Amino acid sequence: MKRLILLHLLWLGLTLPVLGQGFLLPGGIEVSGNTYLEFALSDTSKSRFTESWTDLFLTRGNFRAGFRLGVHEPPVSFASQNSVSGLEHRFLEYRKGGFLARVGNFYSLFGRGLILRSFENRTLRWDGNIDGVKLEYRHRYADGQLIYGQPRKSRLSPQEIDRKDPRPGGERLPALTGGELKLKPDRRIGLGGAYLYSDSLENIKDGVHRWSVFSELNFDYANIYGEYAGVDGAGGNTNTVEGGRGLYFSANLFLGDFTLLGEYRQYDSLAFDGGLTNNPPTVIQEHLYTLLNRRQLIQNSDNEEGYLLQLGYPVAEHGVATVSYSRTESLQGRKVYEDFTALYEAADILGAEWVWGFARQQDLEGRYLNFLASTSFAVSHYRSLKMIFEHQHARVSEIPGFITQRQHYDQLLTLELGLSSRLAFSFLGEHSTDQFADEAELNDDLTSRKKHHFWAGGQLNAALFNRIDLAVFGGTRRKGKVCIGGVCVVKPELEGLEVSLTARL
Amino acid sequence: MKSLMLMTFLFTFTLSVFPQDNTAPDFNLPDMDGKNYQLSENTGKGPILINFWATWCIPCRAEMKKLKDIYKDYHDQGLEILSISIDDTKTVNKVKGFVKTNRYPFTILLDTNSEVFQLYQGSNPPQTVLIDQNGKIAYTHTGYRKGDEIKLAEEIAKLLKKE
């Protein structure tokens, strides 16, 4: 704690001279920044957390320097990361035209991420920056980048979690050296390749070579992309498989008003640091609605193949219908995940905007039937009323294939009243029943074993001074999986207060 | 709790420190056909509205419908809209189909690893940044609620009046 206070005082000392001098420091240095604060006060200790960081950027001409001071005390369910505070980012960069040179913390993407994708996602509470050097150049006929640095380690060992003096920038994997080159001889054609070498860990003799080749074709009526990747050498980090391969292919066709998307993937021993340092495409329908999102696939890029087909069509003047089907199997042919989704979005029906949807999902635990309806009415120019209703029927076996099944009926209701563009109140309620499927069907007397659960809360969203976004949630919220791009985290049950505050300055 | 108080203090302090009229950071991004777009080569001609969005973002869709109207009203007077998709490697394939289906008329750029979004200090889409004729950031806004488009149109009209 003393260290934390000292760091804050140091930070105040650094920013104090700026006060009262406008946005220009002596020497024509522009100052910008933002502050983020999120915390939960809960009866359930597992869901208590604090996340805060302040970014400060100093810009002069083509040069830019950035610093991030952070305080992170993640929830227990995120225990693969430790509690840290201090200066977690710092960089200096030079940009001119399509050229960028950066020293310090940076992010990078090669191709579609089959061999490298370092990224930040605060919902997943993941910051996968690389600490090192990056050179990038974008030109009309070619794009290229070279990188060297150490990526952040996603899953820490118990010793690293318990470290008394954790590193503010996180623990690091061995250094990466690599580059990507993409040639664009014509606006319709792109051809490229990428290579990445990661240093060896102790006790493993050789490093790991990762490479990929890719090409894309862009026409008015079609977009086609294909990438093939390989991993040579044992033990990137925790993964000790000898060699790996990955194939990803996608095609978009635009036939009149129809848009058709097809994607295919096959990944064998491709995961880099559990799939958080590469993170290749999942090839499933990504869902944002809460109940649908909870049942999404956790990608295993060491042993999966799958495909997705999606069709979109504009119905009438303001309506869009989308139908998709995706299926994922292990390389041994076992079905891992299946999703069929149909969505219809319509505007200006009875003066409101509507969404209706149906989805059937299936994973190794069970199958889920979903229905959703959403409507948004404009009460006046500034006032609106929005309602989202989601229903899910789940039939699951805790042990796959086991005869005793459970079923859940879940209902989720969100009511939002927008009083102005700056102020909104919401009510979020969820009801769930849990019962043994067969018993409920066969014998009415056993329905007493059906359990009802309720969660309910209110949320205030406010935009203040055109710079600050404040969200305060109070009440109870169900534990549940949150998935983004095949990476899932479990948000613990909340009984209490959750506050998030963002200021862009 | 002490740390929380300190952070709140830090927050309120920094609030008073930084103003908004900074130079819009330059960037270079590909459009949906792979052609690069350089911001600095296009500033100075008129206001530029940058809108960060994603195909999976529900409020973004509502906002983009309104941006379509704003584009119709102000494009002839010199407004350009850069609609930057932050769809990542999982969903970037859906962008072109989404744009075609919804018939958006403005320039669409792809920021597949959200690096330009971070350059503009984005946290959650949608985020709107209005750049004036001198390349300075005149207005920023995060999220979308009914009525935001009215305020945005007022800010655009103000900039066009200054010309």
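This is a predicted model: local features need pLDDT of at least 70, side-chain atom pairs count only at pLDDT 80 or more; totals for chains, interfaces and linings use all residues.
Trainee: How do I read the interface of chain B and chain A, and what area do they bury between them?

Mentor: Interface size is often expressed as the accessible area lost when the parts come together. Here chain B and chain A bury about 7100 Å² between them, with 56% of that on carbon and sulfur atoms. In terms of contacts, 65 residues of chain B touch 99 residues of chain A.

Trainee: What about charged side chains: how many salt bridges are found across the interface of chain B and chain A?

Mentor: The general idea is that side chains of opposite charge can pair when their charged atoms come close. Across this interface the rule finds 7 salt bridges. One of them joins A:Asp257 and B:Arg103, at 3.3 Å from N to O.

Trainee: Is H3(B) itself enclosed or open, and how many of its residues are buried?

Mentor: H3(B) is largely enclosed by the rest of the structure, because 9 of its 10 residues are buried. Among them are B:Val95, B:Phe98 and B:Val99.

Trainee: Which residue does B:Asp33 meet in a salt bridge?

Mentor: B:Asp33 pairs with A:Arg187, at 3.7 Å from N to O. This pair crosses between chains: A:Arg187 is in the loop between strand E13 (176-186) and strand E14 (189-198) of chain A, and B:Asp33 is in the loop between E1 and E2 of chain B. A:Arg187 is partly exposed, with a relative accessible area of 42%.

Trainee: Now a pair within chain A: are A:Glu304 and A:Arg265 buried or exposed?

Mentor: Both are buried. They form a salt bridge whose closest N and O atoms are 2.8 Å apart. A:Glu304 belongs to strand E19 and A:Arg265 to strand E18, and the two residues are 39 residues apart. A:Thr328, in strand E20 (residues 319-329) of chain A, touches both A:Arg265 and A:Glu304. A:Thr328 is buried too, at a relative accessible area of 0%.

Trainee: And which residues are linked in a network of salt bridges?

Mentor: A:Lys134, A:Glu136, A:Arg138, A:Asp143, A:Lys184 and B:Glu115 are linked this way. Over all chains, the search finds 34 salt bridges.

Trainee: Finally, how do I read a nonpolar surface patch, and which element gives the largest share of it?

Mentor: Look for nonpolar side chains that have over 30% relative accessible area and lie within 5 Å of one another. In chain A, such a patch covers about 770 Å², and its residues include A:Leu253, A:Phe258, A:Tyr313 and A:Phe340. E19(A) gives the largest share, 3 residues. A:Leu253, in strand E17 of chain A, is partly exposed at 33%.

Note on methods: Residues are numbered from 1 along each chain as its sequence is written. Chains are lettered from A and ligands numbered from 1 in the order in which they are written. Side-chain values use heavy atoms; hydrogens and water are left out. Patches are made of residues with over 30% relative accessible area and no salt bridge: like charges are joined within 9 Å, nonpolar side chains (Val, Leu, Ile, Met, Phe, Trp, Tyr) within 5 Å. Accessible areas come from the Shrake-Rupley method with a 1.4 Å probe; for residues, only the protein chains shown count as cover. A salt bridge is a side-chain nitrogen of Lys or Arg within 4 Å of a carboxyl oxygen of Asp or Glu. Helices (H or I, at least four residues) and strands (E, at least two) are DSSP runs, numbered from the N terminus. Buried means under 20% relative accessible area, exposed over 50%, partly exposed in between (1.4 Å probe, protein chains only). Contact means heavy atoms within 4.5 Å. Buried area is the accessible area (1.4 Å probe) that two parts lose on being put together, summed over both. Lists of a residue's contacts leave out its neighbours within four places in sequence.
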